[in-house]
Amino acid sequence: MTVEVFKTNVNRRKYAKALLAEIHKTFAGYHANFDLDDCDNILRVQCNSGTICANTMILFLKRFGYRAEVLTD
């Protein structure tokens, strides 16, 4: 299992819900969720088989007008 965590500028639940639908439709095998209660508006993406390409996810969110960056420790 692979997990990638992103800091985003998504700050509304309705936008997060729409983005999650697009992520799940576009990336088969990914399970994603937002934690908008966190100060970094976290997006967690999990894949049970294979890897997650962080750059692809960052560009995907950018297409919808949002910023994302990999959250590091």
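This is a predicted model: local features need pLDDT of at least 70, side-chain atom pairs count only at pLDDT 80 or more; totals for chains, interfaces and linings use all residues.
## The nonpolar core

The largest nonpolar core has 21 residues, and Phe 34, Leu 43, Val 45 and Met 57 touch the most other members. At least two residues of this core come from each of these elements: helix H1 (13-26), strand S2 (30-35), strand S3 (42-47) and helix H2 (54-63). In soluble globular proteins, nonpolar side chains tend to be buried together.

Setting aside residues up to four places away in sequence, Leu 43 touches Glu 4, Val 5, Phe 6, Thr 8, Leu 20, Ile 23, Ala 32, Asn 33, Phe 34, Met 57 and Leu 61.

One of the contacts of Leu 43 is Glu 4, which sits in strand S1 (residues 2-8). Glu 4 is buried but forms no salt bridge. For Glu 4, the nearest side chain of opposite charge is Arg 44, at 11 Å, whereas a salt bridge calls for a nitrogen within 4 Å of a carboxyl oxygen.

What surrounds Glu 4, apart from neighbours within four places in sequence? Its contacts are Leu 43, Arg 44, Val 45, Ile 52, Ala 54 and Val 70.

## Cysteines without a disulfide

How many disulfides does a search of the whole structure find? The search finds zero. Take Cys 53 as an example: its closest cysteine sulfur is in Cys 47, and because the two sulfurs are 12 Å apart, they are too far for a bond.

Two of the cysteines can also be described by their accessibility. Cys 53 is partly exposed, with a relative accessible area of 39%, while Cys 39 counts as exposed because its relative accessibility is 74%.

## A loop residue and a helix residue

Next, turn to the loop between S2 and S3, where Asp 40 has its place. Is Asp 40 buried or exposed? With a relative accessible area of 18%, Asp 40 is buried. Beyond residues up to four places away in sequence, Asp 40 touches Lys 7, Thr 8 and Leu 71.

Finally, visit Thr 56 in helix H2. Thr 56 has a relative accessible area of 36%, so this residue is partly exposed. Along the chain, Thr 56 and Met 1 are 55 residues apart, and their C-alpha atoms are separated by 18 Å.

Key. Residues are numbered from 1 along each chain as its sequence is written. Side-chain values use heavy atoms; hydrogens and water are left out. A nonpolar core is a set of buried Ala, Val, Leu, Ile, Met, Phe, Trp, Tyr and Cys residues joined through side-chain atoms within 4.5 Å. Buried means under 20% relative accessible area, exposed over 50%, partly exposed in between (1.4 Å probe, protein chains only). Helices (H or I, at least four residues) and strands (E, at least two) are DSSP runs, numbered from the N terminus. Contact means heavy atoms within 4.5 Å. A disulfide is a pair of cysteine sulfur atoms within 2.5 Å. Lys and Arg count as positive and Asp and Glu as negative; His and the chain ends are not counted.
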